[in-house]
Amino acid sequence: MVDKREVFGLPDPQPLRVTNHRAYECRCEKCGASVRGEFPDVATGPVQYGLNVAAVVAYLSGEQDIPEDQISRLLHDLHCIEISAATIATMQQRKAADLADFTDAIGQAVRAAAVKHGDETGLRIGGILSWLQVAATTLLTFYLVTLKRGEIIVDMMGVLVHDHFRPYFGLEGLSHALCNAHHLEIEKEQWARDMAKFLRLACHAAPLARGGSVRFPSWPYSGPDTDASSPKGSASMKRNHYWTQSARKSVGTPKGVRATPPNPPAQS
């Protein structure tokens with residue numbers, strides 16, 4: 001009998017690999033003409049980092065949101081690469097320029113989408129307050145950095161969901177939908193609490209109004225305000241159960257729709 005155990009691990013970090021390119025120049029002894037070899041496109045100067053290093057830098061910065069100085073330390077610790085934060089910033093700028101056409105294509109697709117969401121948030125770039133403008137669909141997200149909050153993304157059509165920010169209402173050629181997530185954040189006054197109650201109830205009642213087959217969640221309920229890990233009888237459980245029961249009483253069941261369809265037949 002043989003006992004076997006497996007251990008999964010990563011290969012040891014590899015040091016920086018240098019490729020030395022040489023271009024020879026030869027002269028014909030008969031005609032005297034000279035021919036010189038060409039360097040590959042990646043070798044644009046006497047010394048530079050390769051495309052794979054730039055790709056790793058772009059991933060760590062753009063996808064993992066790691067600051068430039070930390071990327072510099074990470075590459076030094078893992079691969080013994082001496083690279084400055086300024087060089088990393090230059091790589092990011094070049095990669096952004098390479099992806100300019102791709103970025104424009106995403107922006108045009110989001111602008112032309114039937115429904116998109118718009119928002120803006122402040123951020124500092126080099127210590128200067130700037131604004132990150134966002135327009136997004138379920139599949140695509142387009143970002144635009146501006147110096148002022150009111151410099152929103154323009155030339156959009158269809159329906160734009162936003163947070164009441166006044167400049168959005170100045171856009172022409174589209175319809176407006178106001179974001180209920182922002183509405184629910186305003187519960188300081190009674191009218192706002194009543195509206196929040198109505199919006200949550202409508203969220204549960206909407207499936208009935210659509211006329212589809214609906215199975216109402218039974219108590220205890222795992223829904224938008226809680227999760228399956230909430231203890232039975234918790235306040236969030238009871239609150240969601242209340243919304244479900246209220247939706248049943250207020251809206252009712254459309255003709256031809258069973259509020260609680262039978263369970264599917266058991267498989268033998």
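**Pockets in a predicted model**

Modeller: The second largest pocket is lined by 29 residues, and nearest its centre lie Leu16, Arg17, Gly50, Asn52 and Val53. This is a predicted model: local features need pLDDT of at least 70, side-chain atom pairs count only at pLDDT 80 or more, and totals for chains, interfaces and linings use all residues. Residues are numbered from 1 along each chain as its sequence is written, and side-chain values use heavy atoms, with hydrogens and water left out.

Biologist: What volume has the second largest pocket?

Modeller: A pocket is an open set of points on a 1 Å grid over the protein atoms alone, where a 1.4 Å probe fits, with protein on both sides within 12 Å along at least five of seven lines; lining residues have an atom within 4 Å of a point. Points are joined across faces, edges and corners, and a volume is the space filled by probe spheres set on them. For the second largest pocket that gives about 940 Å³.

Biologist: Which element supplies the largest share of the lining of the second largest pocket?

Modeller: Elements are DSSP runs numbered from the N terminus: helices (H or I, at least four residues) and strands (E, at least two). α1 and α2 (68–79) each supply at least two lining residues. The largest share is five residues, from α1.

Biologist: Which element gives the most to the lining of the largest pocket?

Modeller: The largest pocket has a volume of about 1,200 Å³. Elements giving two or more residues to its lining include α1 (51–62), β3 (115–125) and β5 (141–146). With five residues, the most comes from β5.
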